[in-house]
Structures are given as C-alpha cells and as structure tokens.
Amino acid sequence: MDLPVIDPPIFPRWIWMEEIVYSHIMIATLITAFMVVAPVYEYVGYRRKDPRFDRLARSLIWFSLILFSPGAALGTGIPMWIMGTYPEFWSRWANLFFWPLIAQFFFFLGEVIFLFFFYYLAWDYLRDRKRLHIFFGCVAAAFGLAVQFVWDGVGGYMLTPTVDLPRVNEPVAWSAQAFFNPSLPFLFTHRFFGNISYAMLLVGGVFALKYVRAADPGEKAYFGFVSNLTFAVGFAAFFAMPFIGWGYAQVVRDHAPVAFRAIMGGHVSVHFGVKMGFVAFMAAVAAAYLCARYRSRAVRGAVTAGLAGLYPLFLWHPPLSWFPGGKAAWLPWVTALLGGFLLFLWLGTGRWDTGRKGWSWALLAAGIAAFSAVLIGGFVRERSKSPDTVYRQIEKPEATDFERGRFLLHERCLVCHATPAELAHPRAASWEERLAVERARPGAELTDREVELLLRYFERARP
C-alpha cells in the first residue's frame, strides 16, 4: 500500500527526526531521573532530620516541572513528523503497539497528576505527613518509569524484532511477543541507571559552579554538600551500566548481527568510539575527584574495586575489529592504562585541593561528557540498523543502494570474513572478479541484485 511521503524543507528527514526525538528523550530522561531520586533524597532527609536533602529533592522536582512544557511539546511533535515523513512505518508500527501506546498515555496522565498536584503543590501542606508525601512522590516516579518501560518495549522492537511487522491493512493492536522482545530488559535497566548517572553527574557539576560563586557562607556550604552528594551518586550509578551493556551487546549480536557488526568495526564504530571516549573522560575525572576530595582508604578502595571490576568486560567482550590485531593488540594497552591510573589514584591525588575553581569546571565537563555519551549512544543504536527503520522489517524512505550494499556486507560477507579488510582483492583484477569468487563459495547464494549492490558499495567505499 503506497502512502504519501512528505519531504521536509532545509534538512533531510532523518536529521529532523533525530533532532526532535533526541531533544525530547534527553529532557524526558532528566525528568524521570529527578522523579526517581527526589523521593529517595527526601526520605533520607526525613530519617536524618537534615533539611538539605529536602531542599535538594524539592529543587529537582521544581526543575522537572519547568522541563515538562518543552518535553511535552516535543513529544507531541514526534508522531506528527513520523506520520508525514515515515507514514508506512508509523501505520504498521502503531498498529502493532496500539494498546501499549494508549497505556503510556494514561501512565503519563498519572505521572502529571501525582507529580504536580500530589507531590509538588502539596510539599508544604504535607510537611507534617512526610511518609504520605514521599509515597506520592514514589507513585509519580512509578508512573514515569512505566512510561519509559512502554517506550523501551516498542523502541527495543525496532532493533530486535521477534515477530513480523504487520501490513498497513492487517489489524493487530497488541503483540506480547513483540513488546517483550529480547532487548527490553537490558534497554530498560541500562537506561534506568544511565538516566540517574548522567543526570546526577550533570547536576553535581552545576552545583559545583554554584558553590564557587556563592558569597553567603550558608549557601556555599549547601552547594558544596549537594554537589559532592549528587556527583557521587551519579558515579556510583554508572558502574551498573557496563555490565548491563555487555549483556545488551550479546542480545544485539544474537538477534541483530548486522547492527552489532556495524557498531563493532562498521560504519558507526567511530561514533561508538567517541561515546567510549566521553565515558572514559567522565570516569577518570570522577574517580580522581572523589579520591582527592575524601582522602579515605575506603573511598579509594571502592573506586578501585569499581574500575577494576570493569576489566573482565575487556576480556569477555568480542574483539574490537577496528583495532589491528584484535584483542591481543589492544588488551595490553588497556591493562597498562588501567593499572597506571589506579596507581595514580592511590599515590597522586592525596595533596590536591578540590576546593579550587578549576575542579568545579572539571566536574561540569564530566557531567556534560556523561550527557554526550548518552546522546551518542542513542544515535549509535538507531544508526546501526541503517538502512532499516525496523531491523530487517522495513526500510526508511531515503534508503540508498550504498546503504543496502553495506547491510549486505555485514549480513553475508562478514559471516566468513572477520573484517572488511579481509575482502581486499589481491588475486582479482577488479571487484567484479572478487565478487565472482565469493559468489562461487558453497552457501553464498548471492543473487544478481545483491551482487550489484555489493559491487556499488565496494567501488564507492573501497576503490
């Protein structure tokens, strides 16, 4: 069934979609993270009778309400843009997930009602009934997480679909197998900890700047306290993500191998490398700051255990193919860098003065790096399945033969050849001859159209 596809002005449709969707997602994840941690901070303050925790919780909810308007406006625009620029995808995808999308609408209403009326506006009214007030905050957070759970289910399907996408004229409305796809638990938990981590790291950096600029001693003490608290919470939440992400990578490798190869050495490997660079910068700054700030063996031991615990991931992870030589080449460098950094934490941070202004800017830079890593991570996930909108189910309208050839390379050629470099044609005069040799291999079964797409890709990408 042909549906009209609208071409937006100025930029290609995928740029419009990414800017609108990612802007909404980053706002929504900030709101959700603040809603989750605010009742926890309030409860800690209630138990310790420390008003600083209550003030912090209230300020996070106040800022969440400010973010609600632009977040909701962007969220409303997303389906409008998809309907016009990706009409077949929207018709088939919304058909498959109609009832989950309706459910998230009611979850969103519950989130707004409890967050605004029962939690924020009732803060002073329920100051003598803190347990009830904290309960309302937890209900609001639960609704927010329910909204995220729905979107992670319907979004996870786009990379790891377990049932075929229905046709436009085939009513489905709901498929449990499609919604509870293999990547859902990993995507949801990874985003849960990731939201808290980057939100608290970013907030810690902002409060660090307010600390150095505060003139009033009482305000300065408060901003110093909440900066250290939120930054430490954000860094602690980070350590769950690599292990969940490792499991997520295995699911993608098993259920979307083309996307996995695109990330591990393919066309989005550079973006993935940039993401890892941001993560490494954030972790280095956070670890050095906390060890220098507290100067405690317990803190140094906890940071060391957390960073050292990530090392097995490098042993278990598939070789990163863009590094020549595979694991044998890059693992010694990782070992030396990690060991040297841990030694530096124990011997080189004891005399640093973390009250200096430069550290405040460093904490803000670490928070921005964490924010950037989350943003690039979404781009990597979506771009890895190009030219498909839903992996192996539907192509995007602007798909090109170059992208189709690249998909075939990862799907058919890299099953036998570990890297694209192994497909060089030293014994062939041209790519036509090289592909003829590959086509003759048992089990290759390349059609004429597929050979044509691969030839166009190789001639453009590897002249």
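Student: What relative accessible area does Phe 117 have?
Tutor: Phe 117 has a relative accessible area of 49%, so it counts as partly exposed (buried is under 20%, exposed over 50%, partly exposed in between, with a 1.4 Å probe and protein chains only). This is a predicted model, where local features need pLDDT of at least 70, side-chain atom pairs count only at pLDDT 80 or more, and totals for chains, interfaces and linings use all residues. Residues are numbered from 1 along each chain as its sequence is written, and side-chain values use heavy atoms, without hydrogens or water.

Student: Which helix holds Phe 117?
Tutor: Phe 117 lies in helix α4 (a DSSP run of H or I, at least four residues, numbered from the N terminus).

Student: And where is Phe 118?
Tutor: Phe 118 lies in α4 too, which covers residues 98–120. Phe 118 is partly exposed because its relative accessibility is 34%.

Student: How far apart are Phe 117 and Lys 275 in space?
Tutor: From C-alpha to C-alpha, Phe 117 and Lys 275 are 39 Å apart, and 158 residues separate them in sequence.

Student: New topic: which residues lie nearest the centre of the second largest pocket?
Tutor: They are Ser 59, Leu 60, Phe 63, Val 203 and Phe 207, from a lining of 16 residues. A pocket is an open set of points on a 1 Å grid over the protein atoms alone where a 1.4 Å probe fits, with protein on both sides within 12 Å along at least five of seven lines; lining residues have an atom within 4 Å of a point.

How values were computed: Helix = DSSP H or I, 4+ residues; strand = E, 2+ residues; numbered from the N terminus.
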